[in-house]
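Hi,

Here's the structure I said I'd send over.

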Amino acid sequence: MRFEVSHVLDAIERRLTTEPALARAVLDLAEIVRFVDLDGGRPASLLRLGMVIDAVARHVAEENVQVYCVVDKGMLSDLDQPSSERMVVRRWADDGHVEVVPGAQPRVMEISELGGLPVASRLLPGLAPVPGAGGAVLAPRAPAPPGPSDLGRRLMSRRWRCPDPECALFNQMRVAVGQPLPRLRGVPICPRHDAPLADIGPSPAQDVLAVRINGVVKQRFLLTSAGPIVVGRAPEGGVGIILGPWLDEQAVAAVSRAHLVLSIDQRGLLAQDISMNGAWIHPGNIKVTPKEQRVIAPGEYIELYPGVEIGRPGSFAPGGAVNPHSVLAEAPTMSFRMPPR
Ligand SMILES: [Zn+2]
């Protein structure tokens with residue numbers, strides 16, 4: 001496989017999240033990069049993270065899955081890692097896409113328990129990435145966590161602020177979507193700066209939603225009561241959920257550039273049809289009255305055109321991508337962007 005490494009690392013970056021509601025697994029990066037048996041290459045390689053992300057995608061049968069990546073501080077000075085790759089990891093940390101902590105393993109276990117995320121690891125209980133079809137497969141070695149713990153839910157229900165003004169995890173400097181899990185040491189602390197976090201109020205209400213095209217979940221995204229999200233073929237300014245690249249010729253003609261506005265208020269999840277061709281609620285095939293905000297109840301999802309659907313991932317019948325696209329072969333085009341906050 002030939003590819004431009006910097007493009008691949010950009011593609012991998014879009015699969016990193018420190019928002020537990022979007023992550024499908026949590027992992028210790030310093031462990032993953034040393035799985036030499038996955039490709040027989042050099043002692044440490046960042047591309048193995050891509051192989052493990054691909055394995056997670058096959059495991060959950062979805063496209064564009066994201067993982068919560070914890071970086072042991074020592075990795076930033078590990079000379080087995082090419083300096084160009086260490087620079088990339090540092091940039092990811094500076095932007096809040098990954099967490100850098102002293103001692104990654106206990107932190108990975110903490111995130112798994114608080115956030116209810118399976119661990120991708122050979123050393124910790126969870127899903128062991130081993131050589132297999134497509135490069136790596138996940139061998140389950142422990143039951144998946146049942147969901148976020150009560151303590152995790154309580155932590156996620158609050159907004160936290162780090163005293164370090166440059167903090168990319170718990171501050172306005174954060175460019176990544178959502179909020180990481182605080183580290184607990186008696187009190188909630190910033191995993192990066194080891195400083196107690198200030199509780200600045202309740203978190204905005206949020207819902208994880210997904211785009212499903214022809215039965216395959218293409219992307220999960222986070223909607224919060226802090227602001228609406230526009231979904232369409234090509235929303236204005238590229239802000240919102242861009243469906244265009246996933247649509248066939250007929251669907252391109254039927255889905256408006258800006259088709260649907262999603263928002264959350266005290267009534268719950270709301271959808272507003274702003275298209276030329278309409279939107280339908282399933283089950284029931286109920287046409288949404290144009291311009292009117294319609295509450296989307298649990299179990300319901302919205303169809304923009306046959307096979308083009310938006311909803312909570314649990315609303316869709318199971319089934320999905322048998323062989324999701326590899327992050328290592330991803331074209332350098334970006335098909336998903338969040339609105340500025
Ligand atoms: Zn901090």
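Let's start at Trp 92. Leaving aside residues up to four places away in sequence, Trp 92 touches Leu 9, Ile 12, Glu 13, Leu 16, Leu 46, Leu 49, His 97 and Val 98. Bear in mind that this is a predicted model.

Trp 92 also turns up in the largest nonpolar core, which has 40 residues. Ile 12, Leu 27, Leu 29, Leu 46, Leu 49, Val 89 and Trp 92 are the ones that touch the most other members. Who supplies this core? At least two residues each come from H1, strand E1 (23-28), helix H2 (29-32), H3, strand E2 (66-72), helix H4 (83-94) and strand E5 (135-140). H3 gives the most, with eight residues. Apart from this core lies another, of 26 residues, with Leu 223, Trp 246, Ile 264 and Leu 269 among them.

Now for the helix pair. H1 (residues 5-13) packs against H3 (residues 47-60) with the axes 10 Å apart and an angle of about 45° between them. The crossing of H1 past H3 is left-handed.

Which residues meet there? From H1 come Val 8, Leu 9 and Ile 12, and from H3 come Leu 47, Leu 49, Gly 50 and Ile 53. Sorted by class, this contact has six nonpolar residues, one polar and no charged ones.

Cheers

Notes: Residues numbered from 1 in each chain as written. Predicted model: local features only at pLDDT ≥ 70, side-chain atom pairs only at ≥ 80, totals over all residues. Heavy atoms only, no water. Axes fitted to C-alpha atoms, helices over the stretch in contact; angles between N-to-C directions. Helix = DSSP H or I, 4+ residues; strand = E, 2+ residues; numbered from the N terminus. Left-handed = near helix turned anticlockwise from the far one by under 90°. Contact = heavy atoms within 4.5 Å. Nonpolar A, V, L, I, M, F, W, Y, C, P; charged D, E, K, R; others polar. Core = buried A, V, L, I, M, F, W, Y, C linked by side-chain atoms within 4.5 Å. Buried < 20%, exposed > 50% of the residue type's maximum accessible area, 1.4 Å probe, protein only.
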